[in-house]
Amino acid sequence: MPDERSSPSAGWREVYRAMDAPEPTDEDRRDCPDCGDDSPRVRGDTYWCPKHGTWRPRGGEAAG
Ligand SMILES: [Zn+2]
């Protein structure tokens, strides 16, 4: 199989393609707590930041 990891900023769309999952809706996105970047939900309570990788919300709902 070809190695397509040469692009460092492939983005979350490639992650979803790799998982054969549908693209997330706006409801399935959050801002990364570390950098505020757009992070789509990959599954359950896990989100994916282009810079920090997967992360989970800290302790329930945060205001804002
Ligand atoms: Zn981040």
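Me: What percentage of the 64 residues in the protein is buried?
Reply: The model is a predicted one. A residue is buried here if 20 or more other C-beta atoms lie within 10 Å of its own. Of the 64 residues in the protein, the share that is buried comes to 8%.

Me: In what pattern do the elements follow one another along the sequence?
Reply: The protein contains 1 helix and 4 strands. Read along the sequence, these elements give the pattern α-β-β-β-β.

Me: Which residue in strand 2 stands opposite Arg-30?
Reply: Strand 1 covers residues 29-31 and strand 2 covers residues 38-43, and the two pair in the antiparallel sense over 3 bridges. Within strand 2, the residue opposite Arg-30 is Ser-39.

Me: Which residue takes a positive phi in the hairpin of strand 1 and strand 2?
Reply: This hairpin has 6 residues between the strands. The positive phi there is near 75° and belongs to Gly-36.

Me: Over how many bridges do strand 2 and strand 3 pair, and near what value is the positive phi of Gly-44?
Reply: Strand 3 spans residues 46-49 and pairs with strand 2 in the antiparallel sense over 2 bridges. Arg-43 stands opposite Thr-46 in strand 3. The hairpin of these strands has 2 residues between them, and Gly-44 takes a positive phi near 55°.

Me: Among contacts between residues at least 6 apart in sequence, what percentage joins residues at least 24 apart?
Reply: A contact requires C-beta atoms within 7 Å. Among contacts in the protein between residues at least 6 apart, the share joining residues at least 24 apart is 17%.

Key:
Residues are numbered from 1 along each chain as its sequence is written. This is a predicted model: local features need pLDDT of at least 70, side-chain atom pairs count only at pLDDT 80 or more; totals for chains, interfaces and linings use all residues. A residue is buried if 20 or more other C-beta atoms lie within 10 Å of its own, exposed if 12 or fewer, and partly exposed in between; C-beta atoms are placed from the backbone. Two residues are in contact if their C-beta atoms, placed from the backbone, lie within 7 Å. Two strands pair if DSSP finds at least two bridges between them.
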